[in-house]
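Dear colleague,

Please find below the structure that I am handing over to you.

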There are 2 protein chains.
Amino acid sequence: MVLDPPLASPIVGRLAVIGVGLIGSSILRAAKARGLAGTLVAYDGADAVRQRARALGLADLVADTPEQAVADADIVILCVPVGAMSAVAQEIAPHLKRGAIVSDVGSVKGAVLNALRAHLPEGVHIIPGHPVAGTEYSGPDAGFATLFKNRWSILTPPEGADPAAVARLSELWTAMGANVETMTPEHHDLVLAITSHVPHLIAYNIVGTAADLEKVTQSEVIKYSAGGFRDFTRIAASDPTMWRDVFLNNREAVIEVLGRFTEDLIALQRAIRWEQGEALFDLFTRTRAIRRSIIEIGQETAAPDFGRERD
Amino acid sequence: MVLDPPLASPIVGRLAVIGVGLIGSSILRAAKARGLAGTLVAYDGADAVRQRARALGLADLVADTPEQAVADADIVILCVPVGAMSAVAQEIAPHLKRGAIVSDVGSVKGAVLNALRAHLPEGVHIIPGHPVAGTEYSGPDAGFATLFKNRWSILTPPEGADPAAVARLSELWTAMGANVETMTPEHHDLVLAITSHVPHLIAYNIVGTAADLEKVTQSEVIKYSAGGFRDFTRIAASDPTMWRDVFLNNREAVIEVLGRFTEDLIALQRAIRWEQGEALFDLFTRTRAIRRSIIEIGQETAAPDFGRERD
């Protein structure tokens, strides 16, 4: 997969990325590859990550302070765990240029909007965002320029947001290969609860359950994982800090969807107990169609077993 | 990935495969590629599948009746859904050669052993088996010769089984690239409940829950599935008949493991409600190590996102 060739001229004067992990470093790589910013600035709170960002040549300037990072930036994108947004917003607030756009990439949008609103000054455009893309790896080395290609990036502009600012941010994501959609923060948080947060939680949970069984050893679980279990371990290998923050900051939607999941699971368990084969068969047939749809709209590979490399 | 070159001489005189789906057709392909049988015989209850097996050249003989399929066979492998084992055993019983080995590939072993014992005559070696391998696709076209390479194949010989017969069957699986392990049917059914059956059930369940939400449309679920949900749809696209039979025939172990899963999930939900971030962080850190182990022993790819083909 490749990105389109570089633009003739940048679409952002100065772009600042705060937090150089999987997502932050992918934005930097994509922006660099396509020449999207006049100046590309990166900052990370961890000294080792800043050094790594310099070594990888991820930005024109790897700033040493949040102040230096956002000074004169036209667009600032916060790529830190959701639980760190509030502290970062506080740090950068005094140094933001009037008219700057401040966005983020957090997997929760209601809590982030509140955190940004609480700390950022008037005259700054707050437009939270969330690219629905990622892998199970973390850190500045894990990113790649095509991460957002053909993925959705959701913007959740608050009521009264400046349409021109929304359009600029949207243009930036589109130039990185993403498809942009807008919705309210509340709706985003419910949609992601079912498409991402609860799936991650049940993956973490089944891996934990398996590790704790007394009658089956952990080495047996690992050995025979090809029967299905190993699929779950991929997302259960995702960044623990990021995911702790997601659950703490999207509590209500997660608990609401979890309630439905558990109710459905108990009904399935009952169908098994009472040998209601037809109910099982009907569900298992219905779920096949959903995967087909995901493949059809280009959000998944049709290759068997995800096209896993074998050997 | 490639299989080893063909053997100088076959290790089985006449090998019969009953049921030409994903697993059956993979056995036929592997046995043919490596020259494992003097004569390779296939049979399927469905006329269309028999025709397809002939068109694909999967066997030396695609039999028209179960009788013709097993006549004079040294090893017979039943590759039909677990719920069909009993009927197939009944059909082939009168035609089996004395001293023949009858095995299977079902994902449940206790129930299959009982079904075979109930119908097969004295003088036939019953050695149930289960290759822990597969994809989400079904049918004679879905199989491939390397499906079992580097995967585990579990044999569950009943007490008193002939060691020489176990060794022959084991040799056949090894020649198809698999690693062979033996255990009791009861232990197999518990191990597979956690490594395969319950993971499939919760995957089917979350896909069903997502489809039934009123506040999030099915098209939104499909659109934003890259956040994690789409991983689950892969195994929720597996063959409905096969999986219905698995749950109905491994009821007790599945319900036991499901009980643990639900208990753990409710504790996790409570941790979210009471904002116990440390408990979440600890679990999410522990689960990472398990994936690492699965990758280390060569049962999973280390490529990000399963190495999914992107575009």
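**Findings: the two domains and the two chains**

Across the interface of domain 1 of chain A and domain 2 of chain A, the rule finds 1 salt bridge, a salt bridge being a side-chain nitrogen of Lys or Arg within 4 Å of a carboxyl oxygen of Asp or Glu. The side chains of Glu136(A) and Arg234(A) meet in a salt bridge, at 2.9 Å from N to O. On the side of domain 1 of chain A that touches domain 2 of chain A, the residues divide into 7 nonpolar, 8 polar and 3 charged. In this division Ala, Val, Leu, Ile, Met, Phe, Trp, Tyr, Cys and Pro count as nonpolar, Asp, Glu, Lys and Arg as charged, and the others, Gly among them, as polar.

Please note that this is a predicted model, in which local features need pLDDT of at least 70 and side-chain atom pairs count only at pLDDT 80 or more, while totals for chains, interfaces and linings use all residues; side-chain values use heavy atoms, with hydrogens and water left out. Residues are numbered from 1 along each chain as its sequence is written, and chains are lettered from A and ligands numbered from 1 in the order in which they are written.

**Domains of chain A**

The domain assignment of chain A gives domain 1 (12-183) and domain 2 (187-298); such bounds come from an automatic or database domain assignment. Their contact (heavy atoms within 4.5 Å) takes 18 residues from domain 1 of chain A and 16 residues from domain 2 of chain A. The C-alpha centres of these two domains lie 30 Å apart. About 1300 Å² is buried between them, and carbon and sulfur atoms give 61% of that area. Buried area is the accessible area (1.4 Å probe) that two parts lose on being put together, summed over both.

**Chain B against chain A**

The contact takes 111 residues from chain B and 111 residues from chain A. Chain B and chain A bury about 11100 Å² between them, with 64% of it on carbon and sulfur atoms.

Helices (H or I, at least four residues) and strands (E, at least two) are DSSP runs, numbered from the N terminus. Glu300(B) and Arg308(A) also meet through their side chains in a salt bridge, at 2.6 Å from N to O. α7(B) gives the most to the side of chain B that touches chain A, with 21 residues. By class, that side of chain B has 55 nonpolar, 27 polar and 29 charged residues.
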